[in-house]
Structure formats: structure tokens, C-alpha cells
Amino acid sequence: MKSIIQNQYVTLVFTVLFSLALLLVHKPLDAFLFYFLLILIACTILYNENKRVHSTKEIKDTNDNVWNNALQNRSVVAYIFAIGLIAFYVVIYWWPARIGYHDSGNTGMVSWMDPVSFLLRGKAADQWFLYGFLYTWFVAVFGFRFVIRYRHNSYQVWRTFSLIFFQVIFAFLLPVFFERMNKPYHDFKNIWPLNYSFFDASHLNLMSAQGTYGKSVLISGILLIILGIPILTYFFGKRWYCSWVCGCGALAETAGDPFRHLSDKSHFSWKLERAIIYSVLLIIIVMTILMLWTYYFQVDSTIAQGVLTFRRVYGFVIGAVVSGVIGVGFYPIFGSRVWCRFACPMAAVLGILQKYFSRFRISVNGGQCISCGNCSTYCEMGIDVRAYAEKSQDIVRASCVGCGMCAEVCPRGVLKLENSSPGSTKTQAFVPREDVTVLFSSGDQT
Ligand code: SF4
Ligand code: SF4
């Protein structure tokens, strides 16, 4: 892989040949240019990352100068980029015709997806197929960039491969395969309460009419809620989902990696985070109870209509505006985990379990901390890790997604992600990092 990426000519030839093959499948020039551009961007990103890491002497140089990059320091460029992302989400959600989605036959951007869509699922593309394709492309390309960047850390490498795997197979290819088999769309790793339509009357009816496939969707979904979530969170904390499986986490950890330092570490943000995320959780629990009540019991049609309106408002505000438009659109302004940190009801459930019912913790060897603040800077969840390190206090926070980046950037080996029981971590051996001197030359610490 290294030799291919490092050789510009091979990369270019590969790009042209692959694009020509795609051109044979789909003739219009605009589609050809679209695929050509995607491949060229992917090769350029991976080539540059590979070249950069091999010319970097110290591992800690990896994140140098993030605050000097216009895209990463909330400059005008970052705001323009954020507006572009937000506009894309608004169009996808509410004006898909603007990018060419039409029942009578696609045009423009959506039509470029038609050959891939026909190939995979036997029908024309729609805006969601285009979105899923681009989302998966971003996770895969930036995922490999992340792997190259943090190649020395097996935890980072394996969890990134896991995120790419779940995105490509579970979120993209398997649902597409089900559609080809004339089955309804379903992403098996999308669990309630993140999947807020799971207990919708329409979803329950649809799956009940699908025989074995429908039963396996419903049974696996319920088993994951009552058994999978508590058991896995008990042993591994919320990281098993947020940093190894979830699609939102996948995008945040890969395409969102350049923006992780932008998370707000203030106490006000922490208070806001708790107020919003537990409110969203409460709302979805009440909403789901009402939905099941109207589904299983005969209720007045006005009440049933009111519950349906409640569900639609939730879908619009939380499902579309907060998770998509704000959650991803504001990456360049508030960092990559805005949705996960402030509003994801799944993160709220996992967080409560992690805090009160889990073996997961970040153990701290505080005597070695030199208060550089690298850990706090790169915590995408806005946790002031340094404050814990200075007090030599193990970190057990509901919001921690176990990304491991605080331990990764710590020049003193102070932090360690563990699944052991409390009290068993204080004796961990201190292993000094070779590159401690970089600390003093790095210009991006808080
Ligand atoms: S505390 Fe560390 S492991 Fe937890 S979210 Fe922050 S950087 Fe990731
Ligand atoms: S990165 Fe390590 S040394 Fe620096 S403040 Fe955090 S725990 Fe302390």
C-alpha cells in the first residue's frame, strides 16, 4: 500500500484507468468527472498523509500547527466551509430536486449514482443513496488517512478499521443487498433510541409482514436494547459503540479528525451538554411509550394523531436538523462530536451505564503529568482531561467515548484506557514516551 501511494505516477495511472472503466459503465462526462474527482481526491489525501508521516521525525508532530490552519481555527474559511456543509444537508433533506432527484428520472448529481445503484440494488438512485455513498466514501478515505496518521497505535488502527467495516458493510452494502432482495431497508447496528423509528407503527407493521427477515430485525433490535447494550457497556464502556461501531462516530473519527480540538471545554458547555442530552433521552422515551400505547391499545384518533405529530416533530428537529445539519455542518466550528456530545439519546443511555455500571475508566498516573494540556486539547468530547490528571483522579465520565486520543497525545504516558475494576489501576507502570521533547516545540497546546 505504501509503495502504491508513494508513487505518484502509479496513483495517477490507477486513477485514470479506474475512471475510464467507470466511463464505460456510464457515459455522460459529468458522471465521469465526478468519479474521477472522488478517486483523485482520495489518492491525493492518502498520498499526502503518507508522505507527511514519513517525513515527520516525531510522532507528536502529527498534530502540530492545527491552530494555524485556516480550516481548523474558526477563520472565515472555516465558516464558509461550514455554510457549504449545512447547505448540502438542507438540500438533501428538503430540496432533493435541486441535486437532480425526480420520480420521473434523475438528472444531475443523483443521476451520477444511477449506474452504481442499478448495479447494487436494481433500481435508480435517490438522494439517500447518493448521501450514503458519499458518507461511506468519506469514512473510508479519511479512515485510511487516520490509520496512516496513527499507524504506531494498534488501538487507533483497529478501532478505525472496525468503524470502516461497520460503515461499509452494515450501513451501506447490507441494506442495499436487502433492497435488492425486495426487503425493506434496515441497518442492524442502528439501535433504538438512536434509531427513533424502530417502534413506529409503520415500521412494526412493515417488519411483521416480512416473515423471517422482519422477525430477525425486530428480535435482534430488542435483544440489542435489553442485553447487548448493558452487557457490552459493562465490559467495555460506551466506546464499544461510539468509537468502534456507530456511523455518526465513524464520520466524526475519520472526516472529523482534523476538527477534534475545536470542542468547547468550558464548564458552561458541560452543563449545557447534560441539560440537552438527557432532555432528548427523556423526550424519546416518552415518545416511544406513547407510540407503543397507540399501537397496542385502542385510543381516540385525536390522541393518536397528536402522538404522530409529536413523532414527526422529533424526526424533524432531532433526526434531521440536530443530527445532520448541525451535527455535521458545524464540524469546522464546534468540532466533530457536536451531535454525540449534546443530543444523541444513544450516547446518553450508554453514558449513564458507563458512569454507574461499567468497568471502563481512564486510569491516571498523575505524578508524571506536566500539565501540557495536550489531552484536553484533543478531547473531542470537551472533557478537561488535564484537570483529572493534575489531581491524579481516574476518569469516569458519562460523555467519554473512549477514542483514546488523550492517551495517544500525552507525551508522558499518564493516561491509560482500561476495562478493569476500580482500584486495580493505580499500580500501572509508567512508560515514558521517547518524544517528550516535542512537547516544548509544539505550538498548538492550550
Ligand atoms: S477523555 Fe480521552 S478517550 Fe475520552 S473522549 Fe476524551 S480524548 Fe477520547
Ligand atoms: S497530555 Fe499528559 S502530561 Fe499533558 S496534561 Fe494531559 S495527562 Fe498531563
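Trainee: How do the axes of helix α13 and helix α14 cross, and within what distance do they come?

Mentor: Keep in mind that this is a predicted model. The axes of α13 (residues 267-296) and α14 (residues 301-329) come within 10 Å, and they cross at roughly 145 degrees. The crossing of these two is left-handed.

Trainee: And which residues make the contact?

Mentor: From α13 you have Val280, Ile283, Ile284, Met287, Leu290, Met291 and Thr294. On the α14 side, Ala304, Val307, Phe310, Arg311, Tyr314 and Ile318 take part. Sorted by class, that contact has 11 nonpolar residues, 1 polar and 1 charged.

Trainee: I've clicked on Gln305. Where is it found, and is it buried or exposed?

Mentor: Gln305 sits in helix α14. It counts as exposed because there are 11 other C-beta atoms within 10 Å, and exposed here goes with 12 or fewer.

Trainee: How far apart are Gln305 and Thr294?

Mentor: In sequence they are 11 residues apart, and in space it's 9.5 Å from C-alpha to C-alpha.

Trainee: OK, next pair. What about the axes of α7 and α8?

Mentor: Helix α7 covers residues 127-149 and helix α8 covers 154-180. Their axes come within 9 Å and cross at roughly 165 degrees. So α7 is roughly antiparallel to α8, as angles over 145 degrees count that way.

Trainee: What's the handedness of the crossing of α7 and α8, and who makes the contact?

Mentor: The crossing of α7 and α8 is left-handed. Gly132, Thr136, Val139, Ala140, Gly143, Phe146 and Val147 come from α7. They face a set from α8 made up of Val157, Thr160, Leu163, Ile164, Gln167, Val168 and Phe172. The class count for α7 with α8 is 9 nonpolar, 5 polar and no charged residues.

Trainee: What angle do α10 and α17 cross at?

Mentor: Roughly 45 degrees, with the axes of α10 (residues 211-236) and α17 (residues 345-356) coming within 9 Å. That makes α10 oblique to α17. The crossing is right-handed.

Trainee: Which residues in α10 and α17 meet?

Mentor: Ile229, Pro230 and Thr233 in α10 meet Val349, Leu350, Leu353 and Gln354 in α17.

Trainee: Switching to the backbone. Which peptide bond is cis around Pro193?

Mentor: The one from Trp192 to Pro193, with omega near 10 degrees. Pro193 has its place in the loop between α8 and α9 (201-208).

Trainee: And what is phi of Asn182?

Mentor: Phi of Asn182 is near 65 degrees, a positive value in a residue other than glycine. Asn182 is also found in the loop between α8 and α9. With 10 other C-beta atoms within 10 Å, Asn182 is exposed.

Trainee: What about phi of Ser371, and where is that residue placed?

Mentor: Ser371 has phi near 55 degrees, a positive value in a non-glycine residue. Its place is in the loop between β1 (361-364) and α18. Ser371 counts as exposed, with 11 C-beta neighbours inside 10 Å.

Trainee: On to the ligands. How many residues surround ligand 2, and which are the closest?

Mentor: There are 14 around ligand 2, and the closest are Cys369, Cys372, Cys375, Ala389 and Cys410. The elements that give two or more residues to that shell are α18 (374-377) and α19 (385-390).

Trainee: Which element gives the most to the shell around ligand 2?

Mentor: That's α19, with 3 residues. By class, the shell around ligand 2 has 9 nonpolar, 3 polar and 2 charged residues.

Trainee: And which residues are the closest to ligand 1?

Mentor: Cys379, Met381, Cys400, Cys403 and Cys406 are the closest, and 14 residues surround ligand 1.

Trainee: Last one: how many helices and strands are in the protein chain, and what share of its residues count as buried?

Mentor: The chain has 20 helices and 2 strands. Of its 446 residues, 38% count as buried. Among contacts with a separation of 6 or more, residues 24 or more positions apart account for 72%.

Technical notes. Residues numbered from 1 in each chain as written. Chains lettered and ligands numbered in written order. Predicted model: local features only at pLDDT ≥ 70, side-chain atom pairs only at ≥ 80, totals over all residues. Near = placed C-beta within 6 Å. Helix = DSSP H or I, 4+ residues; strand = E, 2+ residues; numbered from the N terminus. Nonpolar A, V, L, I, M, F, W, Y, C, P; charged D, E, K, R; others polar. Axes fitted to C-alpha atoms, helices over the stretch in contact; angles between N-to-C directions. Parallel < 35°, antiparallel > 145°, perpendicular 65-115°, else oblique. Left-handed = near helix turned anticlockwise from the far one by under 90°. Contact = placed C-beta atoms within 7 Å. Buried ≥ 20, exposed ≤ 12 C-beta atoms within 10 Å, placed from the backbone.
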